[in-house]
Amino acid sequence: MPISLPDSLEKFSEEKKEIDREAELTPKQIVAELDKYIVGQKEAKKAVAIALRNRFRRRKLPPELADEIAPKNILMIGPTGVGKTEISRRLAKLTSSPFLKVEASKFTEVGYVGRDVESMIRDLMNLAVEMVKSEKLEEVREKAERNVEEKILDILLPPPRRRLNDVLSKEEYERFQQTREKLRKQLREGLLDDRKIEIEVKESAIPPLEIYSGSGMEEIGIQIQEIIPGFFGKRTKRRRVKIKEAWDYLLEDEQKKLIDMEEVVRLARQRVEQSGIIFLDEIDKIAGRESGHGPDVSREGVQRDLLPIIEGTTVNTKYGIVRTDHILFIGAGAFHVSKPSDLIPELQGRFPIRVELKPLGKEDFIRILVEPENALIKQYKALLQTEGIEVDFTPDAIEEIAEIAEKVNEEMENIGARRLHTIMEKVMEDISFEAPDLPEKKIVIDRKYVREKLQDILKDQDLQKFIL
Ligand SMILES: Nc1ncnc2c1ncn2[C@@H]1O[C@H](COP(=O)(O)OP(=O)(O)OP(=O)(O)O)[C@@H](O)[C@H]1O
Ligand SMILES: [Mg+2]
């Protein structure tokens with residue numbers, strides 16, 4: 001007889017699993033992962049790595065103590081194009097915590113048309129539910145596959161008992177079993193993929209109504225569907241489809257049946273509350289509190305709306321109430337027009353950790369061009385390789401590109417590493433255009449080539465403004 005765990009123990013093992021899940025990366029490992037994509041900016045990387053780890057540490061404490069420890073929110077300050085958003089994007093991929101990136105500037109004060117700040121908690125919760133759901137779907141996959149196989153076999157060869165109403169003889173039963181196993185083998189080998197069978201499919205539901213307006217209204221569409229489920233999308237009809245398609249459909253259906261949505265929601269909420277991270281990009285755009293009229297009023301309003309959420313409050317979501325006390329907030333902004341001190345004081349106080357990202361120079365650009373796993377040079381090489389063309393950059397070509405980027409950044413506006421994109425595009429323009437017709441399949445780009453491609457533009461300030 002299988003031994004079942006008492007409820008509390010089972011819960012305990014779930015919790016432990018959750019902690020183990022988070023334990024994956026140490027701060028050093030996080031930094032090392034970020035290093036693969038972002039050059040320099042050690043301080044910022046270190047700060048986010050520590051913050052992530054601290055949440056994991058907190059969860060191992062006894063609840064009374066853990067409750068007291070508030071996350072230390074981070075403010076990343078640095079000029080445009082130096083990696084703020086990039087760090088957060090990479091972080092999101094690394095951590096198994098629910099992670100949401102939002103632009104602070106897109107919120108409006110409650111009562112005005114636009115998105116209210118609470119919507120970010122709802123979005124985070126939706127995201128966490130999807131995340132846990134897909135994990136659970138994966139967990140039940142094998143079992144679901146077994147069930148689907150039986151189902152399809154039942155359709156191909158209906159069990160005899162259902163066909164004739166009387167008891168089968170032993171031989172009849174064995175014969176049936178043999179045929180079934182033969183079919184199973186063919187099914188597994190894909191021999192029956194194109195055979196058609198009839199299955200019940202749910203008629204696709206009406207696309208969810210989405211209403212974007214004031215607070216929480218976007219949830220309405222979904223709620224209507226939940227209130228009157230019979231009305232939307234529960235009807236089924238019979239369709240003849242190839243086994244291959246039927247398999248995918250039935251599998252999805254079966255997986256959904258096997259997971260417990262209530263548990264999914266419970267785990268998702270726990271994840272959001274205990275390890276959720278919200279990255280508030282462009283937070284400098286809501287700074288400014290010169291009282292008066294126009295956008296400033298609304299900006300300060302958004303800041304005031306943000307306060308309770310960052311401090312810890314409850315937000316109503318379609319999956320129930322979510323507490324925000326332990327959600328980690330990472331704010332980021334260039335702050336070249338406004339300063340962090342232009343944020344309302346209460347908000348400043350809620351971002352105790354400040355890290356500055358450094359402006360980038362020639363040496364950084366050289367590294368950014370070649371080192372990251374998604375480095376621009378690698379991208380261009382890969383793109384052209386699809387046309388059978390092998391491009392090589394000599395070190396002095398790369399140095400030249402980096403130098404020009406630095407120079408243009410100084411002379412015009414400093415847009416950081418984004419400058420490399422515009423310059424590279426210009427350098428590669430002709431090759432990209434002519435690639436399919438080029439007789440020469442091996443191209444070496446050196447300093448001379450780079451200069452040739454850019455010299456006309458570099459001579460002309462006006463041209464620079466438009467092109468680089
Ligand atoms: N330190 C860096 N290492 C590697 N790539 C970088 C670095 N900084 C910026 N980049 C590249 O430059 C581009 C812009 O960077 P990112 O989006 O992070 O800028 P940002 O700091 O968020 O700027 P903004 O203040 O304008 O939002 C990205 O494509 C990114 O890959
Ligand atoms: Mg950014």
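Modeller: Start with the contacts, and keep in mind that this is a predicted model. Among contacts between residues at least 6 apart in sequence, 80% join residues at least 24 apart.

Biologist: How many helices and strands does the chain have, and what share of its residues is buried?

Modeller: The chain has 20 helices and 11 strands. Buried residues make up 27% of the 468 residues.

Biologist: Why is leucine 343 called buried?

Modeller: Leucine 343 has 27 other C-beta atoms within 10 Å. The cut-off for buried is 20 or more, so leucine 343 is buried. This residue sits in the loop between S8 and helix H14 (345-349).

Biologist: What is leucine 343 in contact with, leaving aside neighbours within four places in sequence?

Modeller: Its contacts are Ala287, Gln303 and Gln348. Leucine 343 also lies 8.2 Å from glutamate 300, C-alpha to C-alpha, though the two are 43 residues apart in sequence.

Biologist: Why is serine 298 called partly exposed?

Modeller: The count for serine 298 is 17 other C-beta atoms within 10 Å. Buried needs 20 or more, and exposed needs 12 or fewer. The value falls in between, so serine 298 is partly exposed. Its place is in helix H13 (residues 295-311). Isoleucine 286 is 12 residues away in sequence and 8.6 Å away in space, C-alpha to C-alpha.

Biologist: Which residues other than glycine have a positive phi?

Modeller: Glutamate 282 is one of them, with phi near 55°. Phenylalanine 335 is another, with phi near 50°.

Biologist: Are glutamate 282 and phenylalanine 335 buried or partly exposed?

Modeller: Glutamate 282 has 17 C-beta neighbours inside 10 Å, so it counts as partly exposed. Phenylalanine 335 has 21 other C-beta atoms within 10 Å; with the cut-off at 20, it is buried. Glutamate 282 is in the loop between S5 and H13. Phenylalanine 335 is in the loop between S8 and H14.

Biologist: What makes the five-strand sheet an open one, and which strands are its edges?

Modeller: The order is S2-S5-S8-S1-S9, and the pairing is parallel. Strand S2 (99-103) and strand S9 (353-356) are the edges, each pairing on one side only. Neighbouring strands of this sheet are turned by 20° against each other on average, direction ignored.

Biologist: How do you know that S2 and S5 pair?

Modeller: Five bridges join S2 to strand S5 (residues 277-281). Pairing takes at least two, so S2 and S5 pair, and they run parallel. One of the bridges links phenylalanine 99 to isoleucine 277.

Biologist: Which helix lies across S1, S8 and S9?

Modeller: Helix H3 (residues 42-59) does, running at about 150° to S9.

Biologist: What joins S6 to S7?

Modeller: A hairpin through two residues. Four bridges join strand S6 to strand S7 (residues 320-323), in the antiparallel sense. Valine 315 stands opposite valine 322.

Biologist: Why is strand S4 called hardly covered?

Modeller: Strand S4 (residues 236-242) has seven residues, and the count of buried ones is zero. S4 pairs with strand S3 (residues 196-202) over seven antiparallel bridges. Lysine 242 is the bridge partner of lysine 196.

Biologist: Which residues have the most contacts inside the largest nonpolar core?

Modeller: They are Val48, Ile74, Met76, Ile278, Ile330, Leu369 and Ile401, in a core of 80 residues. Another core lies apart from it, with eight residues, among them Ile199, Ile243, Trp247 and Leu250. In soluble globular proteins, nonpolar side chains tend to be buried together.

Biologist: What does isoleucine 278 touch, not counting residues up to four places away in sequence?

Modeller: Isoleucine 278 touches Leu100, Val102, Met120, Leu124, Ile327 and Phe329.

Biologist: How many residues surround ligand 1, and which are closest?

Modeller: The shell has 18 residues, the closest being Thr80, Gly83, Thr85, Glu86 and Ala417. By class they divide into seven nonpolar, eight polar and three charged. Helix H5 (residues 84-94) gives the largest share, three residues.

Conventions: Residues are numbered from 1 along each chain as its sequence is written. Chains are lettered from A and ligands numbered from 1 in the order in which they are written. This is a predicted model: local features need pLDDT of at least 70, side-chain atom pairs count only at pLDDT 80 or more; totals for chains, interfaces and linings use all residues. A residue is near a molecule or strand if its C-beta atom, placed from the backbone, lies within 6 Å of it. Ala, Val, Leu, Ile, Met, Phe, Trp, Tyr, Cys and Pro count as nonpolar, Asp, Glu, Lys and Arg as charged, and the others, Gly among them, as polar. A nonpolar core is a set of buried Ala, Val, Leu, Ile, Met, Phe, Trp, Tyr and Cys residues joined through C-beta atoms within 7 Å. Two residues are in contact if their C-beta atoms, placed from the backbone, lie within 7 Å. Axes are lines fitted to C-alpha atoms, for helices over the stretch in contact, and angles run from 0 to 180 degrees between N-to-C directions.
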